[in-house]
Amino acid sequence: MWRDLSSIGRDAGSGGYRRYAWTGADADCRAWFKAQAETRGLTYELDRNGNQWAWLGDPARGNAVVTGSHLDSVPDGGAFDGPLGVVSSFAALDELRARNAQFTRPLAVVNFGDEEGARFGLACVGSRLTAGQLTIEAAHKLRDGDGVTLPQAMEAAGYDPYSIGPDPERLARIGAFVELHVEQGRALDLSGDPVGIASAIWPHGRWRFDFRGEANHAGTTRLADRRDPMLTYAETVLAARREAELAGAVATFGKISVEPNGVNAIPSLVRGWLDSRAADQSTLDTVVTGVEKAAREYAERHGVDLDVVRESFTPVVEFGHALRDELSTILRGDSDRPVPVLGTGAGHDAGILSGSVPTAMLFVRNPTGVSHSPAEYAAEDDCLAGVTALADVLEGLACT
């Protein structure tokens, strides 16, 4: 499975993946998922929001156990973020069949669409729509860097953008959702454990900073006469790092758009996107407030106008202790060594669904701690340990 999926959407120059929502690479990933479902005799289903489901048993029975993740990527992302969870889900099902496990609850593997938000700037679109955390109106306003709207992109890919929206009936079928994911950090590597359990997802959000100055000639305009928004932006980037360090949080300006974007032109507009995350809401508020305050002070000093828009936000997600403890009991077995429980600053579909159904997450060791990069990595032995752990969990939840 890994070999068949590995070439889809991979850029020859960077070695990273460019699997963006409703593109050709996305279509190829979806075709791969459907083929995996059909090969195993599972019932394939595409929901109104473009999420893919592969069912073993009758979903109408309810109280189903669902596992899976996503197949899309960030720009030049790694191979493991998302796909490891989907591949491991199918592999875990194969393992349970090899064990002759007897299923007492319906089981499904899911591929949630547009989890990374690389194209339209909003993460977890598929699961947000399903859970009613993204309105149809807001979704239809999403637009990519080329000005293509979400409805236009869906129609071009052969899907109906006017059928999207909340799907409470589908969520009502689910008794538990377990997502396996490569760890996006080094906690497991430092503890020496191949697999861990998630405790919580930090609160996080994305803010757009629009710095508006005055376009002018780079060679003839005196420094004293300039209203250069790039200066304000640069100082704000440094302020974000400073505020994050003081608060013990993280803050990153990772995307920028410049107009008119000429080498010999002072910009008229610099638009930067801030991603910030912290262990609790109060700390996150402190960081973002501090960054905005500094940005406004710099803007006033340089004669630049500033607008700040919060484009997305996800509050802290504390995974339910009952399901989390059940996973811990299953994985610990007869061992005296406890299964590591760790928090994460990364968002996931499991976090979105947690407000609607019981959810839990498993992490697989990442020895480098690198993610959202071609250098993202998990050793084969650890991946197989993840499959075994997921199979054990699914057997404990869905089988006799």
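Predicted model: local features only at pLDDT ≥ 70, side-chain atom pairs only at ≥ 80, totals over all residues.
Let's start with strand 4, which covers residues 107–112. All the way along, 6 of its 6 residues are buried, so strand 4 is largely enclosed by the rest of the structure. As a general point, side chains in a regular strand alternate between the two faces of the sheet. Here, Leu 107, Val 109 and Asn 111 point one way from strand 4, while Ala 108, Val 110 and Phe 112 point the other way. Whichever way they point, these residues are all buried.

Which strands pair with strand 4? One of them is strand 2 (residues 52–56), which is joined to strand 4 by 5 bridges and runs antiparallel to it. If you want a spot to look at, find Trp 55, which stands opposite Ala 108 in strand 4. Another partner is strand 3 (residues 64–70), and this pairing is parallel, with 6 bridges. Two places to check are Val 66, whose bridge partner in strand 4 is Ala 108, and Ser 69, whose bridge partner there is Asn 111. In general, both kinds of pairing, parallel and antiparallel, go through backbone hydrogen bonds.

Now stay with strand 3 for a moment. Is strand 3 mostly covered or mostly open? It's mostly covered, with 7 of its 7 residues buried. On one side you'll find Ala 64, Val 66, Gly 68 and His 70, and on the other Val 65, Thr 67 and Ser 69, all of them buried. Besides strand 4, strand 3 also pairs with strand 5 (residues 174–182), running parallel to it over 4 bridges. Along that pairing, Val 65 stands opposite Ala 176 in strand 5.

Next comes another sheet, an open one made of 4 strands in the order 9-11-7-12, with antiparallel pairing. Its edge strands are strand 9 (250–259) and strand 12 (305–314), each of which pairs on one side only. On average, neighbouring strands in this sheet are turned by 20° against each other, if you ignore direction. Between strand 9 and strand 11 (residues 269–277) there are 9 bridges, and the two run antiparallel. Look for Val 250 here: its bridge partner in strand 11 is Arg 277.

What lies across these strands? Helix 9 does: it lies across strand 7 (204–212), strand 9 and strand 11, at about 170° to strand 9.

Helix 9 (residues 229–247) also packs with helix 10 (residues 281–302), at an angle of about 155° and with the two axes 9 Å apart. That angle makes helix 9 roughly antiparallel to helix 10, since the cut-off for this is over 145 degrees. The crossing of the two helices is right-handed. On the helix 9 side, the residues in the contact include Leu 231, Thr 236, Ala 240 and Ala 247, and on the helix 10 side they include Thr 283, Val 287, Ala 294 and Tyr 298. Sorted by class, this contact has 11 nonpolar, 6 polar and 4 charged residues.

There's another helix pair to look at, formed by helix 11 (residues 321–332) and helix 13 (residues 380–398). Their axes are 9 Å apart and the angle is about 115°, and this crossing is right-handed. Leu 323, Glu 326, Leu 327, Ile 330 and Leu 331 of helix 11 meet Ala 389, Asp 392, Val 393, Gly 396 and Leu 397 of helix 13. By class, that contact divides into 7 nonpolar, 1 polar and 2 charged residues.

Finally, let's visit two loops. Thr 149 is in the loop between helix 5 (136–141) and helix 6 (150–156). Why does Thr 149 count as buried? Because its relative accessibility is 11%, and buried means under 20%. Leaving out neighbours within four places in sequence, Thr 149 is in contact with Phe 120, His 140, Leu 142 and Arg 143.

The other stop is Gly 345, in the loop between strand 14 (341–344) and helix 12 (349–353). With a relative accessible area of 24%, Gly 345 is partly exposed. Not counting residues up to four places away in sequence, Gly 345 touches Trp 202 and Arg 277, and Arg 277 is also the bridge partner of Val 250. The C-alpha atoms of Gly 345 and Ser 276 are separated by 9.3 Å, although the two residues are 69 residues apart along the chain.

Key. Residues numbered from 1 in each chain as written. Heavy atoms only, no water. Axes fitted to C-alpha atoms, helices over the stretch in contact; angles between N-to-C directions. Parallel < 35°, antiparallel > 145°, perpendicular 65-115°, else oblique. Left-handed = near helix turned anticlockwise from the far one by under 90°. Contact = heavy atoms within 4.5 Å. Nonpolar A, V, L, I, M, F, W, Y, C, P; charged D, E, K, R; others polar. Buried < 20%, exposed > 50% of the residue type's maximum accessible area, 1.4 Å probe, protein only. Pairing = 2+ DSSP bridges.
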